[in-house]
Amino acid sequence: MNFTGKTAFVTGAARGIGQATAVGFAKNGANVIIADISDMTETYEEVKKFGHGVMQVTLDVSNESDARKAVADAEAQFGKIDILVNNAGIFPLADFTKQTSDEWKRIIDINILGRCICHKPYCRL
Ligand SMILES: NC(=O)c1ccc[n+]([C@@H]2O[C@H](COP(=O)([O-])OP(=O)(O)OC[C@H]3O[C@@H](n4cnc5c(N)ncnc54)[C@H](O)[C@@H]3O)[C@@H](O)[C@H]2O)c1
């Protein structure tokens with residue numbers, strides 16, 4: 001596929017599926033914004049090799065104001081975001097019956113509320 005001129009925003013891009021997705025977009029011509037709560041140096045270096053625009057944002061997707069700022073910064077740099085891969089998520093391998101309410105809330109905050117990264121009503125992303 002050819003994503004030349006498109007801009008992709010990938011959360012959870014430090015490793016795994018998000019990293020592969022970010023590199024895949026760059027390989028196929030896109031500018032890529034990578035966002036993660038963890039260190040993204042490896043992804044950044046890989047994405048940069050393809051010579052298109054790249055921006056990294058340290059972001060906890062469950063933090064609404066940080067998510068809004070990350071989207072605004074990305075739009076300021078690249079004009080608009082064409083593709084959003086809301087991949088960041090956690091999947092604790094723990095006995096559900098032993099989870100605390102705080103642990104459960106954290107899963108909801110990241111995996112469900114964090115899915116709408118810009119937290120805009122009626123968002124097109
Ligand atoms: N791998 C699988 O088999 C599988 C199956 C079903 C669903 N998923 C989902 O697909 C996504 C990617 O899977 P993966 O295997 O690459 O996961 P992974 O755990 O390897 O990577 C997830 C990334 O998300 C980041 N992240 C976690 N919480 C974050 C937060 N609050 N804000 C920003 N970044 C955060 C982590 O730092 C990590 O880099 C996850 O949402 C996962 O739950 C994966």
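Two strands count as paired when DSSP finds at least two bridges between them. S2 and S3 meet this with 5 bridges, in the parallel sense. The model shown in every view is predicted.

**View 1. An open sheet is built from 4 strands.** The strand order is S3-S2-S1-S4. The pairing is parallel. S3 and S4 stand at the edges. Each has a single partner strand, so one side of each lacks a neighbour in the sheet. On average, neighbouring strands are turned by 15° against each other, direction ignored.

**View 2. Bridges join S1 to S2, and S2 to S3.** S1 and S2 run parallel and share 5 bridges. Ala 8 stands opposite Val 32 in S2. Thr 7 has Asn 31 of S2 as its bridge partner. On to S3: S2 and S3 are also joined by 5 bridges. Here Ile 33 has Met 55 in S3 as its bridge partner.

**View 3. S1 and S2 are covered on both faces.** In S1, 5 of the 5 residues are buried. Thr 7, Phe 9 and Thr 11 lie on one side of S1. Ala 8 and Val 10 lie on the other. In S2, 6 of the 6 residues are buried, so the strand is largely enclosed by the rest of the structure. One side of S2 carries Asn 31, Ile 33 and Ala 35. The other carries Val 32, Ile 34 and Asp 36.

**View 4. Helices H1 and H3 lie across strands.** H1 lies across S1, S2 and S4. H1 runs at about 170° to S1. H3 lies across S1, S2 and S3. H3 runs at about 165° to S3.

**View 5. The largest nonpolar core holds 27 residues.** Nonpolar side chains tend to be buried together in soluble globular proteins. In this core, Val 10, Ala 22, Val 32, Ile 34 and Ala 35 touch the most other members. Strand S1 (7-11), H1, strand S2 (31-36), helix H3 (64-78) and strand S4 (83-85) each give two or more residues to this core. Take Ala 35 as a close-up. Beyond its neighbours within four places in sequence, Ala 35 is in contact with Phe 9, Val 10, Thr 11, Ala 13, Val 57, Leu 59 and Ala 70.

**View 6. The ligand is surrounded by 21 residues.** The closest are Gly 12, Gly 16, Ile 17, Ala 88 and Gly 89. Helix H1 (residues 16-27) provides the largest share of this shell, with 3 residues. By class, the shell has 9 nonpolar, 9 polar and 3 charged residues.

**View 7. Ala 30 and His 52 are in contact.** Ala 30 is in the loop between H1 and S2. His 52 is in the loop between helix H2 (41-48) and strand S3 (54-58). Ala 30 has 27 other C-beta atoms within 10 Å, so it is buried. His 52 counts as buried because it has 20 C-beta neighbours inside 10 Å, and the cut-off is 20 or more. Leaving out neighbours within four places in sequence, Ala 30 contacts Phe 3, Lys 6, Thr 7, Ala 8, Phe 25 and His 52. On that basis, the contacts of His 52 are Ala 26, Gly 29, Ala 30 and Asn 31.

**View 8. C-alpha distances are given from Ala 30 and from His 52.** Ala 30 and Val 54 are 24 residues apart along the chain. Their C-alpha atoms are separated by 9.0 Å. His 52 and Val 85 are 33 residues apart along the chain. Here the C-alpha separation is 18 Å.

**View 9. Lys 98 is exposed.** Lys 98 is in the loop between S4 and helix H4 (101-111). Why does Lys 98 count as exposed? It has 7 other C-beta atoms within 10 Å, and a residue with 12 or fewer is exposed. Lys 98 and Gly 53 are 45 residues apart in sequence. From C-alpha to C-alpha, Lys 98 and Gly 53 are 45 Å apart in space.

How values were computed:
Residues numbered from 1 in each chain as written. Predicted model: local features only at pLDDT ≥ 70, side-chain atom pairs only at ≥ 80, totals over all residues. Near = placed C-beta within 6 Å. Nonpolar A, V, L, I, M, F, W, Y, C, P; charged D, E, K, R; others polar. Core = buried A, V, L, I, M, F, W, Y, C linked by C-beta atoms within 7 Å. Contact = placed C-beta atoms within 7 Å. Axes fitted to C-alpha atoms, helices over the stretch in contact; angles between N-to-C directions.
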